[in-house]
Amino acid sequence: ANIYGHTPGNFQVEGMPDCPVLIGEFQFSTSLPGRGRFAPNIVAGCDENDRATAYLRYFEGALRHPNIVGAHWFQFRDQPLTGRSDGEGFQTGFVDIVDTPYRELTKMARQVGETMYPLRAAAKYSPAAAKVNLAPGAKVSASAEDERELGALRPEKAIDGDWYSRWSTGPSSHTAWLTIDLGEPKEIGEIKIQWEYAAAKEYGILFSNDGETFTEAVTKKDGKPEEAAAFSLTPRKVRYIKLDCRKRLTTYGFSVFEIELYGPSQK
């Protein structure tokens, strides 16, 4: 299975048999100035330290999952600067196109190798205790949708669990909002947002139970392009979660690959 995302720890398939699972592809990238990359990636981080941390968290999830027996990083070397035949030109490697190692990532890979067997042996896992993303299937509305590609960049794309799809407002939006309706109050303890390059520089996350009166739970004033933002919160029951985009970083409006909602942390 190719599992792109921040963790395979909650990987489940309905009717999934009790058999080994080998992850065929996963990877993380950055969009650092000076790296010469023209294409943003599917699962991107802010910088090399962020990418290394994402690698660690991914393997922690894999090692704790009883069915996962291995995980294969997509590609050893970055893709060509001008892109391959289908246009992909991602920073996917442990080394760049002139074989210079990414030190932070290689150091983290060694750390994972040194600790993986004790972590695997100590893992306690049950499907009931796995973190479940509450967002997919919820109702969603937004202030805008990219008029240049109507239908392709709908608000629903921000919570569909598909890292290849995204919601976009288009360049005409200087502010925007997106609201998720869970249908009934559910306990929320963690929120993750994977921004596209057109991220919000300043934004808030607000909660409500009636869809009219909102309370601000998160305020962010230093957003970055392609940031994987994660917020741990004091758990509370809410029905509506609103992403309020107040200031944009680029001229392209606002764009989000995925918003994930989780219950309280299970420790």
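A residue counts as buried when its relative accessible area is under 20%. With that in hand, here are some close-up views of this predicted model.

**View 1. S208, a serine in strand β8****.** With a relative accessible area of 4%, S208 falls under the 20% cut-off and is therefore buried. Look for its side chain, which reaches the backbone nitrogen of G211 at 2.9 Å. If neighbours within four places in sequence are set aside, S208 is in contact with T213, F214, V238, R239 and Y240.

**View 2. The largest nonpolar core, with 31 residues****.** Within this core, I193 and I259 have the most contacts. Two or more residues come from each of β7 (176-195), β8 (200-208), β10 (228-248) and β11 (255-262). The largest share, 8 residues, is given by β7.

**View 3. The surroundings of I259****.** Here we zoom in on one residue of that core. Leaving out neighbours within four places in sequence, the contacts of I259 include N133, A135, A158 and I159. Also among them are L178, I180, K192, I193 and L243.

**View 4. Another core, of 20 residues, lying apart from the largest one****.** To find your way around this core, start with V21, F28, Y55 and Y58, which are among its residues.

View 5. Is I97 buried or partly exposed? Its relative accessible area is 41%, so I97 is partly exposed.

Key: Residues numbered from 1 in each chain as written. Predicted model: local features only at pLDDT ≥ 70, side-chain atom pairs only at ≥ 80, totals over all residues. Heavy atoms only, no water. Buried < 20%, exposed > 50% of the residue type's maximum accessible area, 1.4 Å probe, protein only. Core = buried A, V, L, I, M, F, W, Y, C linked by side-chain atoms within 4.5 Å. Helix = DSSP H or I, 4+ residues; strand = E, 2+ residues; numbered from the N terminus. Contact = heavy atoms within 4.5 Å. Polar contact = N/O pair within 3.5 Å; in protein donor to acceptor, adjacent residues only side chain to side chain.
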